Amino acid sequence: MSGGALGIEIVLVFFLPLFLLHRYGHFRKQHPLVLFGTLLSWYLCFLIVFILPLDVSTVLEWPSQSPDLNPIENVWVELKNTPKVCHKPWSYIPDGILPVFWRVVYWTSQCLTWLLLPFMQSYASSGGFSIPGKIKTALIENAIYYGTYLVIFCSLLIYLAVHPQWQLTWQGLQTISIAAANTWGLFLLVLLLGYGLVEIPCLYWNSSRHGYLLAKTYFKAAKLAKEKSDAEENMDDAMEEVANVNESIGYGHPLRISIDTILRKCPMEIQEKMVRLNTEDSEDESTQRTYPSKRSLVKLHKQVICAGQRHSQTQVQWAILLEEAFHLEDVCKNETSTSHQFVHSFLSSQPPGWLGKYLYTPTIEWYWECVLRQWCYRLLALLLSLLSVAVVWSECTFFSTHPVLSLFAIFIQLAESDYNYLYIEMACFVSILFLCVCVYSTVFRIRVFNYYYLVPHHQTDAYSLLFSGMLFCRLTPPLCLNFLGLIHMDASISHQQRIQTAYTTIMGSMRLLSFIADGFYIYYPMLIVLLCIATYCSLGTRCLNLLGFPQYISQSDDLTSELVEEGRELIRRGTIGWRERYGEQRNLRRSRNGYSELKDNDSPSDNSDSEYDVYDDHFQQT
């Protein structure tokens with residue numbers, strides 16, 4: 001089938017970013033352009049990752065001749081050695097398709113990350129009341145951003161024009177632009193990869209320690225309680241300002257439309273109260289009023305949106321964290337059970353499904369939660385640790401081609417000698433998938449105060465969604481180039497004369513910029529060793545702790561132990577409130593499959609969405 005594998009992957013890959021967007025975004029309450037921009041940026045990046053193994057196997061279709069021998073010697077070598085039959089692989093892609101595909105995907109993603117998404121960020125976070133007003137605000141906020149790029153681009157053109165060695169051609173200009181974007185991406189890529197290579201195995205290893213998870217959950221509860229209190233205080237301050245403005249502007253004022261727009265972002269009970277107060281005040285026309293300016297209303301609108309989003313996030317996160325703590329406490333209590341029957345402290349109000357009633361019985365649940373889960377996580381952590389060691393070793397040795405020291409290059413060359421295309425594609429896919437998990441998981445876990453924070457359960461704001469799309473588009477191309485360097489498929493780094501992949505031909509020859517190809521691209525990834533050591537020793541966590549941002553280190557730390565105790569007390573109070581609120585209802589039915597272990601950024605299943613929607617119905621931006 002000609003190009004059948006490419007078409008199948010293009011269709012199937014679409015469901016991965018769609019699932020992630022459903023998990024973190026909100027289809028009903030967020031602007032369609034925000035959802036489309038985020039979905040398209042994620043989709044293009046996942047396409048590059050999933051299609052690249054097909055590109056590699058296409059290059060390795062036919063036996064390659066040695067560049068060190070003349071044609072007669074090559075023929076003699078082929079006659080001397082018994083040739084192996086080279087069959088056309090199932091994933092064969094005809095010539096000319098991949099170059100066009102890569103050109104469209106790459107330049108579309110770059111236009112998104114450098115031009116459109118920054119503008120959409122400012123537009124989505126603007127407090128304007130009309131489309132022209134939001135566009136004007138976005139242009140003003142991005143003037144410095146776009147102006148800086150314009151100055152750099154003009155300086156680059158002048159430098160190329162006066163330099164006698166380089167000719168100012170369109171192809172050379174494209175190569176230099178790609179090299180500049182990939183250099184910026186590689187700089188950030190190594191930082192995120194160095195963190196993820198250590199953090200991912202440690203995360204699964206620590207997930208097998210129930211005591212550690214419970215203590216960390218208490219720690220998170222103490223931090224989240226403070227954030228929840230601050231969010232409620234900010235929400236009260238915003239509602240107080242809205243009440244003052246609503247009282248000063250009557251229904252006949254021209255700015256009343258803007259006030260009504262702000263009121264629609266408030267909770268329903270606040271809207272009804274302010275409408276009632278405004279109706280009573282309208283009867284007394286002799287009251288002296290002070291009218292706010294249009295600029296102050298724009299600022300108030302943005303403040304209400306941010307306060308509502310943060311309030312909704314903390315309310316939902318607190319409900320999720322309570323369920324997580326209850327589940328971990330149940331696991332710790334059931335570990336010493338002699339009946340081998342898992343008993344929940346709180347029973348689900350929903351009737352058990354067919355799976356929970358007949359397959360996931362209390363006995364099976366006990367063996368999984370108390371015995372098997374921790375051993376599965378430990379085994380997975382060991383496998384991920386071996387992959388991390390292989391990546392670190394290959395990143396430090398991939399420039400050596402004689403002898404070949406990169407483990408990934410050795411595996412690919414062994415498969416290439418046997419023309420095992422399926423093994424080549426699977427090895428490439430597993431390798432690049434592990435690199436992507438280490439990098440992308442860091443993007444999803446990182447938090448920059450309240451400006452960038454991906455919150456599950458449909459609680460991520462538009463600014464963070466678009467920013468994540470920008471990061472994906474800037475990190476994925478250098479990540480794939482780095483992977484091709486690890487397997488010696490990038491001639492600008494390995495300096496081998498061999499057929500190039502369609503992806504590297506689109507990237508252009510980096511030999512035009514020798515100081516980047518022979519310097520930065522080779523030696524900068526070695527910094528990953530120091531970053532892995534720093535992550536393993538928790539240097540970044542300790543620095544944040546010293547700067548006043550509490551981080552979980554160990555229970556021997558005084559600040560950590562205090563927050564753990566504080567969180568334990570908060571969970572105990574939450575247990576009492578939860579029992580008083582839901583105890584009678586949940587004792588009516590018994591469900592064995594209503595709980596699951598949650599990680600830092602996890603949330604309950606989609607079946608429980610309606611339970612938390614009451615918190616955020618009136619706080620999302622429409």
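**A cavity and a helix pair**

The lining of the second largest cavity consists of six nonpolar, one polar and one charged residues. Here Ala, Val, Leu, Ile, Met, Phe, Trp, Tyr, Cys and Pro count as nonpolar, Asp, Glu, Lys and Arg as charged, and the others, including Gly, as polar. The model is predicted, so local features need pLDDT of at least 70 and side-chain atom pairs pLDDT 80 or more, while totals for chains, interfaces and linings use all residues. Residues are numbered from 1 along each chain as its sequence is written, and side-chain values use heavy atoms, without hydrogens and water.

This cavity holds about 40 Å³ of space and is one of three cavities of 30 Å³ or more in the whole structure. A cavity is a set of points on a 1 Å grid over the protein atoms alone where a 1.4 Å probe fits but cannot get out; lining residues have an atom within 4 Å of a point. Its volume is the space filled by probe spheres set on the points. The lining is formed by Leu-186, Leu-189, Val-190, Leu-193, Glu-395, Asn-482, Pro-525 and Ile-528. Helix 8 (residues 170-207) supplies the largest share, four residues; helices are DSSP runs (H or I, at least four residues) numbered from the N terminus.

Elsewhere, the axes of helix 3 (residues 32-59) and helix 5 (residues 97-125) come within 10 Å and cross at roughly 155 degrees, on a scale from 0 to 180 degrees between N-to-C directions. Helix 3 is therefore roughly antiparallel to helix 5 (over 145 degrees). Contact (heavy atoms within 4.5 Å) involves, among others, Leu-33, Gly-37 and Asp-55 of helix 3 and Phe-101, Trp-102 and Met-120 of helix 5. The residues of this contact divide into 16 nonpolar, five polar and one charged.

Terms used:
1 Å grid on protein atoms, 1.4 Å probe; cavity = no way out; pocket = protein on both sides within 12 Å on 5 of 7 lines; lining within 4 Å. Helix = DSSP H or I, 4+ residues; strand = E, 2+ residues; numbered from the N terminus. Parallel < 35°, antiparallel > 145°, perpendicular 65-115°, else oblique.
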